[in-house]
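Student: Pick one part of this model and take me through it closely, please. I'd like to see how it sits among its surroundings, with the details in one connected account.

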Amino acid sequence: MYIHKKPSWYLPDSGVTPQAAYLGRRKFLRTLGMGAAATAFTRVPGISATAGFPDTLNPSFKLSAVKLTPYDLITTYNNFYEWGLSKDEPSKLSNQGWKTDPWTIEIGGLCANPAKFAVNDLIKAVGGIEQRNYRHRCVEAWSMVVPWDGFPLAKLVTLSSPKPEAKYVQFTSFLDPKICPAQRSNDFAWPFTEGLMLDEAMNELAFLATGIYGKPLLNQNGAPIRLVVPWKYGFKGAKSIVRIDFVATQPKTLWNQYAPDEYGFLANVNPEVDHPRWSQRSERVIGGGFFSSRQPTLKFNGYEKEVAALYAGIDLRKNF
Ligand code: MTE
């Protein structure tokens with residue numbers, strides 16, 4: 001995805017809010033029984049009002065051995081090409097008049113229960129949200145650990161009741177060339193689309209995120225709802241989704257159409273398969289500081305036990 005005019009490969013760690021300070025404040029407010037008030041209180045104007053907060057961490061997804069990436073880095077070091085090609089642009093340009101609340105998401109295609117939902121109603125329909133800490137690995141060989149809030153994609157799939165012919169799920173991001181200048185150009189095949197096989201979508205790890213660190217998603221992270229597939233490269237995680245469709249054949253996806261030799265449909269994190277232009281053996285830890293800034297890449301991003309069975313009999317070198 002290095003078509004960057006100005007790759008911002010290194011971000012200084014100065015100016016980062018220490019995580020302990022942030023968490024300490026939340027714990028303090030929760031002790032006072034003000035968890036909900038804390039969320040409302042910390043809301044920045046323009047952040048979409050997403051239901052379900054405060055939520056609680058699902059202990060199965062605590063990831064105790066790793067350090068969470070500070071909120072300031074997760075929300076200022078972004079890939080969201082609709083809002084600029086460099087990492088610092090989405091946090092600025094997506095907050096200049098783009099409204100992500102109210103927001104409607106439409107579920108359709110080969111399913112028994114097509115529906116249109118306001119995001120808050122969808123959250124209610126799936127029974128609320130939870131927190132999960134996931135490793136987040138970009139195909140560009142950088143990584144973070146993000147505490148997402150949201151719900152398992154499998155809940156939405158079950159609610160929609162896909163027909164037997166449905167084999168894939170397609171995700172479509174917003175399209176609004178009036179407000180988004182990049183979408184007035186033909187540089188990319190807008191809107192951004194991504195896809196999963198249906199059994200991948202049913203895996204317990206596949207997640208629809210509506211928040212980070214217990215706060216509604218900011219525009220730059222894909223407000224008000226985006227996909228998170230932690231064993232795959234980050235580009236699978238379509239942001240600001242407006243449609244989810246059940247389809248019979250492998251859907252076209254933006255990056256795969258743009259450069260099929262570089263961005264495969266499966267896009268599973270794999271240290272054994274290099275990108276044609278760089279190694280995937282190691283990754284740069286965003287916010288890792290000078291001495292711990294690189295670490296080895298883990299197969300399936302560390303989720304091999306949970307997902308390897310999905311690819312039994314598939315040659316992951318050919319199907320990258
Ligand atoms: N979704 C849309 N609509 N547009 C994008 O450019 N970039 C993808 C993915 N989802 C992208 C997108 C890429 S390349 C990555 S690595 C992740 O979003 C980055 O998510 P983050 O900015 O929240 O870390």
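Tutor: Before we start, two residues are in contact here when they have heavy atoms within 4.5 Å of each other. Keep in mind, too, that the model is predicted.

Let's zoom in on isoleucine 74, which sits in helix α3, residues 71-74. Leaving out residues up to four places away in sequence, isoleucine 74 touches Thr69, Met144, Val145, Val146, Pro147, Ile212, Tyr213 and Asn221. Is isoleucine 74 buried or exposed? Its relative accessibility is 2%, and buried means under 20%, so isoleucine 74 counts as buried.

Now for the setting. Over the 320 residues of the protein, 55% count as buried. Among contacts between residues at least 6 apart in sequence, 74% join residues at least 24 apart. The secondary structure comes to nine helices and 12 strands, and the accessible surface is about 14200 Å², with 58% of that belonging to carbon and sulfur atoms.

Part of that secondary structure is an open sheet of five strands with mixed pairing, running in the order β2-β1-β10-β5-β6. The edges are β2 (115-118) and β6 (193-197); each has a single partner strand, so one side of each is left without a neighbour in the sheet. On average, and ignoring direction, neighbouring strands are turned by 15° against each other. At the β6 end, β5 (residues 168-173) pairs with β6 in the antiparallel sense over five bridges. Threonine 172 has threonine 193, in β6, as its bridge partner.

Helix α6 (residues 153-160) packs on this sheet, touching β1 (104-109), β2, β5, β6 and β10 (241-247). The direction of α6 makes about 60° with that of β10. Which residues of α6 are buried? They are Leu153, Ala154, Leu156, Val157 and Ser160. These residues cover an arc of only 160° around the axis, which puts them on the same side of α6.

Definitions and conventions: Residues are numbered from 1 along each chain as its sequence is written. This is a predicted model: local features need pLDDT of at least 70, side-chain atom pairs count only at pLDDT 80 or more; totals for chains, interfaces and linings use all residues. Side-chain values use heavy atoms; hydrogens and water are left out. Two strands pair if DSSP finds at least two bridges between them. Helices (H or I, at least four residues) and strands (E, at least two) are DSSP runs, numbered from the N terminus. Axes are lines fitted to C-alpha atoms, for helices over the stretch in contact, and angles run from 0 to 180 degrees between N-to-C directions. Buried means under 20% relative accessible area, exposed over 50%, partly exposed in between (1.4 Å probe, protein chains only). Accessible areas come from the Shrake-Rupley method with a 1.4 Å probe; for residues, only the protein chains shown count as cover. The arc is that of the directions from the helix axis to the C-beta atoms.
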